[in-house]
Amino acid sequence: MEDSGGLDGRLLVLLACLAWRVGESEKLSPLAPGPRALSEKETFLVLSLHNKLRSKVQPPAANMQKLEWSEELAQLAVARVATCLEGPSPPSAPQLGWSEALLPVGAGGFVELLERWFAEGRRYDYGAARCAGSATCRHYTQLVWATAGRLGCGRQMCTGSRGRSQAFACAYSPGGNWELDGAPIAPYQHGPWCSLCTAGLSGCFKSWDHSGGLCEVPRNPCRMSCRNGAHLNVSSCQCVCAPGYTGRFCQVRCSVRCLHGKFRQEECSCLCDAGYGGAECGTRVPFPFHACDVRIDGDCFTISPEADTYYGAKAKCQEKGAMLAQIRSQKVQDILAFYLSRLESSNRVMDTDFDTRNFWIGLTYKTSKASFRWDTGEPSAFTSFAFGQPDNQGFGNCVEMQAAAAFNWNDQRCKTRNRYICQFAQEHISRWQRDP
């Protein structure tokens with residue numbers, strides 16, 4: 001079986017032949033309307049019905065692919081029906097298979113025709129790979145040929161010596177109805193639905209009534225869409241946002257102005273310069289503003305008496321001219337863990353509205369960087385994750401100091417309400433205004 005990704009030279013020759021037949025058919029049927037492609041509604045109907053019927057074969061198919069619509073094949077089908085099916089059918093090729101019919105007006109449309117083709121399967125003996133008696137099952141076997149992945153159909157009103165009729169044609173790629181040493185082969189392999197989907201087929205598509213299943217090659221393997229004109233990087237399954245937007249799907253319009261700080265596109269937030277705070281770093285932070293709970297090598301750490309989500313905690317630290325704590329050494333980790341363990345026993349928590357006994361620090365997992373990063377944007381060279389962590393439990397990508405693990409780190413859902421640790425670096429402290 002050859003690659004069906006595009007039309008090769010032989011198909012282009014076939015298209016030219018069909019175009020010639022169009023001209024001949026205009027001489028035979030001058031009253032027939034000109035050829036046209038199916039409407040968007042008809043295309044959806046024909047494709048959906050094909051896939052629904054393919055997912056209902058008996059015995060069940062283990063390798064039945066889901067069909068996708070091909071405009072290239074549809075053009076070939078339109079050219080074929082424009083001849084009103086005069087002359088022999090186009091020859092099948094490894095790249096192409098055909099099913100066609102010429103029916104009187106009033107005999108129905110594509111729905112009735114496809115159901116008629118599928119009904120041929122009642123006379124098909126799967127074990128012998130043959131149709132019973134002298135009946136034909138070639139429409140059925142082509143319709144349910146498992147390795148066919150693309151479909152294009154056309155329909156044309158025809159007027160001839162026998163009155164008005166409709167010409168139908170469907171082209172399938174790759175084709176089907178093959179033989180081995182003169183004997184036909186079965187159109188699909190029997191087995192549980194989707195059990196033989198190859199590694200390149202990344203899913204099992206279920207029809208609306210959940211009957212059967214089709215091996216699916218999704219156009220969007222990430223199964224996600226980016227908004228507001230963003231580009232989806234399929235290799236990393238990440239959205240590349242247009243200017244002014246942020247969020248995982250670029251769904252958030254970002255209009256933050258950083259008056260005295262650095263703008264963080266990924267989070268639509270500001271990293272304030274020393275001595276400034278607030279959401280847009282427009283507030284000058286006076287001194288003295290607070291007392292340090294823990295001072296380590298000149299840095300000042302304060303423990304919140306209340307709880308908040310990760311981003312709520314980050315905003316509250318920033319309002320004070322601080323940031324969520326950045327633990328960059330074992331020394332800082334050990335001292336803070338010791339202090340928090342004593343804090344737990346003294347029960348200094350003023351706000352009981354929190355989910356855990358844990359504390360947020362300023363570390364999150366950035367999908368665009370595929371790594372944990374501090375809120376300053378720098379990677380975390382030092383880590384103190386608890387055993388078995390991070391495990392992305394609950395799709396967590398924010399980091400907490402976990403009481404149950406001696407205040408080693410755990411990745412947690414960002415909307416969890418924890419207490420938090422704010423940090424004032426030496427650079428910030430040196431710029432505090434010593435106002436009375």
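Let me start with Q412, which counts as buried because its relative accessibility is 18%, where buried means under 20% relative accessible area with a 1.4 Å probe and protein chains only. This is a predicted model, in which local features need pLDDT of at least 70 and side-chain atom pairs count only at pLDDT 80 or more, while totals for chains, interfaces and linings use all residues. Residues are numbered from 1 along each chain as its sequence is written, and side-chain values use heavy atoms, with hydrogens and water left out.

Q412 belongs to strand β26, residues 408–412; strands are DSSP runs of E with at least two residues, and helices are runs of H or I with at least four, numbered from the N terminus. The side chain of Q412 also makes a polar contact with that of E400 at 3.5 Å, a polar contact being a pair of N or O atoms within 3.5 Å, of which, within protein, one must be able to donate a hydrogen and the other to accept it, and residues adjacent in sequence count only if both atoms are side-chain atoms.

Turning now to the sheet, four strands form an open, mixed arrangement in the order β1-β5-β6-β2, and its edge strands are β1 (68–69) and β2, each of which pairs on one side only. Two strands pair if DSSP finds at least two bridges between them, and β2 and β6 pair in the antiparallel sense over eight bridges, with A101 standing opposite F168 in β6.

Finally, helix α4, residues 110–119, has F110, L113, L114, W117 and F118 as its buried residues. Seen down the axis of α4, these residues fall within an arc of 135°, so they line one face of the helix, the arc being that of the directions from the helix axis to the C-beta atoms.

Technical notes
Buried < 20%, exposed > 50% of the residue type's maximum accessible area, 1.4 Å probe, protein only.
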